[in-house]
Each structure stands twice: as structure tokens, then as C-alpha cells.
Amino acid sequence: MTTPDLPPVLAPDLLAEPGAAGVEPTAEELRKRRRKKIALLLLILLAVAILLAILLLWFMGKSADDLPGIGAAADMPQYSFSMYGVARPLGVAVSTNGDRVYVTESDGPRLVHVYDRDGKEVGALEPPNATTAGHVPVYVAVDPLTDDIYVSDRIAQTVYVYDASGRYKREFKPPRATLGGGWQPLGLAFDAEGNLYATDVSGPSNRVLSFTRAGKFLHRYGTAGQFSFPNGIAIDRWGNVYVADSNNGRVVVFDKAGKPLTGVSSGSSAERLGLPRGEAIDTGNRLYVVDTTDQSVQVFGLHDEGTTPPTFVGSFGQLGRAEGAFAYPNGIATDGGDRIYVTDRENNRVQVWNR
């Protein structure tokens, strides 16, 4: 009798995967399966977290870029060249056509140096009593309607006025009755209508005042005791007034009539200010604030007619002597085009940056 051929007998671990029908998994196999499931779950959670982070960064960058005048933080100005021949410069301003740059110096002969666009010195503005040591030019501004140059002199407690050719014209010194006492002007700025804005650090009641070109008082900005050594001023396209409240480490924003709107406060994060001084606003609706103790220029986007706080978009500069580095910067100006001028006080130069 012949025996039928039977299939070969195979071991269970070769016949089926663990847990297949008819095969009970061992305890070790169950542990391995749990470990695989946990590892897979962790990988899925990690992938989701990475995806959410990418979407969040994209959304933040996208929303900032979509606001008027606000670009990506990487889109910062680049260093171009420097202007030399000025002793510890403080203030800087540019003529309306951009072909003249005015720089005040706080040491040496204490003049206002005049440069062309290429950095060549073409002249200087002297105070009416040039032989008198009691003067220090601080900030400078250009009247957009006449191209007259206004220079604040805190020590002399006045503002000197020159015409576009550099000829001295007069003092801008509001009557004492208008001021309610003396004044020590620092920051200067003009609005589109030719009205003058000035910070005043005389006595404990530091303040910001605005006047017509003829010296008629218009508005006072801020309340008694609000400011501590206010410095630079800038006016945006809506007529809002940005005041660098220097010793309080912030920028305070008012509307044209003096109503407080918003601002940028002090602190330790990247978008906070340490010791703000000069300010400027370019045609792209960006606010530049010189942070003297941070050795940099902080850049903010402006929008919503000043009712929304300025949005931090980046900064440029660092401490040092090399090109593109600062040693206590102070003043800043834009030329209506792509240029930004920054006074680099302890490096005795004016740096030119391009957007």
C-alpha cells in the first residue's frame, strides 16, 4: 500500500506572521508591536508639529508682507559707503531733491557740514557768532516748501535758520510768553504743510511743540511728566507725530492734533527699544529709529493711519569700527529715494545705506 505524498511540515514562525490566524503572539512579540505603534505615532506627531511650524512661519511672514509699507525682515538696507570729516556727528538731514546732506557736529569747530550725494564736502553752515563757544548744533531739518535749513542749538537755546545756499537768515526763537519760559530745542521735523515740530528738554517739563513757519504756536504733544529727554521726531503721511522718548526707551505716537494713538515700548526682546534717538520715515512707509545703546537702527512698518502699533520688521547695524558697524549712532535721515543716512558719532562719520 502506498502512502500518499504529504506537504512538508514547516515551522510556525516561517509559515505565518506573528498573530496570524491560528498563531498566538508571544509576550515579546506584543511588546515589539506596541513599540512599533508608539514609534509610528511619535513620527506622525513630529511631522504634524513641523508642518504647523512651517505654516505658522509662512503665515506670519505673509501677513507682515501684505501690510502697507512692511517687508520681510531679511529685506533690510545694505551698507554702501561713509562720509568723513565731521567731529562726533549728531544730526543729519537731506535737501528735498537729495543733492545736499547736512550734518551737525558736537565737537571740533561745531559746524553743520554740507556734503553732496557722493560724500564730497561742499560747504559748511556757521552760527551767527561763530567765535562764541556757547553753541552746539544738535539736530537739523529741511523745510519741504522752501528748502531752508533749521538747526537746533540746545546750548544757545535757539534754532538757526539758513537758506538753501547756506546763507544765515535768522533765529527761530518763539516768544517767551508763547513758550511759558525758556526752551532747549533738540529734535526737529516738518510736516507736509511746512509746520515745524520741536522737542524741548528745558526743565522738568520736557515736551513737544509745533509751530507755523512764522513761529505761531500750534500744539503741545504729551502731558506734563510724560517725556524724559525726548529726541528725534518724524511725521508720517497721515500727519501723525512720532516722538523718540529717549530716556523712557520708547516711541510715542500722536495724531496731528495731539491725541495719543499708540507707540513702541521698551523691553528686552528684539523689537523693543533701549535708548531711541533719531527717527526718519521713508516713502515706503517704514519708520527707522536709531537705538543708540543697541548700536543699531530698528525698522518698523506703519499702517492703519497710525491707530495700530508699528510692526517690527528688522534691524541693521552692530557695535564696531568696521564698515557697517556703529559706535553710538544718533541721527538718521532718508532722501526720498533709496538712501538712508546715519550719523555714527564715535566713529566720526556718516554712514550711507541703500534700501
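Biologist: Which strands each supply at least two residues of the lining of the largest pocket?
Modeller: This is a predicted model, in which local features need pLDDT of at least 70 and side-chain atom pairs pLDDT 80 or more, while totals for chains, interfaces and linings use all residues. Residues are numbered from 1 along each chain as its sequence is written, and side-chain values use heavy atoms, without hydrogens or water. A pocket is an open set of points on a 1 Å grid over the protein atoms alone, fitting a 1.4 Å probe, with protein on both sides within 12 Å along at least five of seven lines, and its lining residues have an atom within 4 Å of a point. The strands (DSSP E runs of at least two residues, numbered from the N terminus) that each give at least two lining residues are β2 (89-94), β6 (137-142), β10 (185-190), β14, β18 (276-281) and β22 (329-334).

Biologist: How much space lies in the second largest pocket?
Modeller: This pocket is lined by 14 residues, with L90, V138, R154, L186 and F229 closest to its centre. Its space is about 220 Å³.

Biologist: With which residues is Q226 in contact, leaving aside its neighbours within four places in sequence?
Modeller: Q226 sits in the loop that runs between β13 (217-221) and β14 (230-235). Beyond those sequence neighbours, its contacts (heavy atoms within 4.5 Å) are D245, N248, R250, V252 and F254.

Definitions and conventions. Helix = DSSP H or I, 4+ residues; strand = E, 2+ residues; numbered from the N terminus. Points joined across faces, edges and corners; volume = space filled by probe spheres on them.
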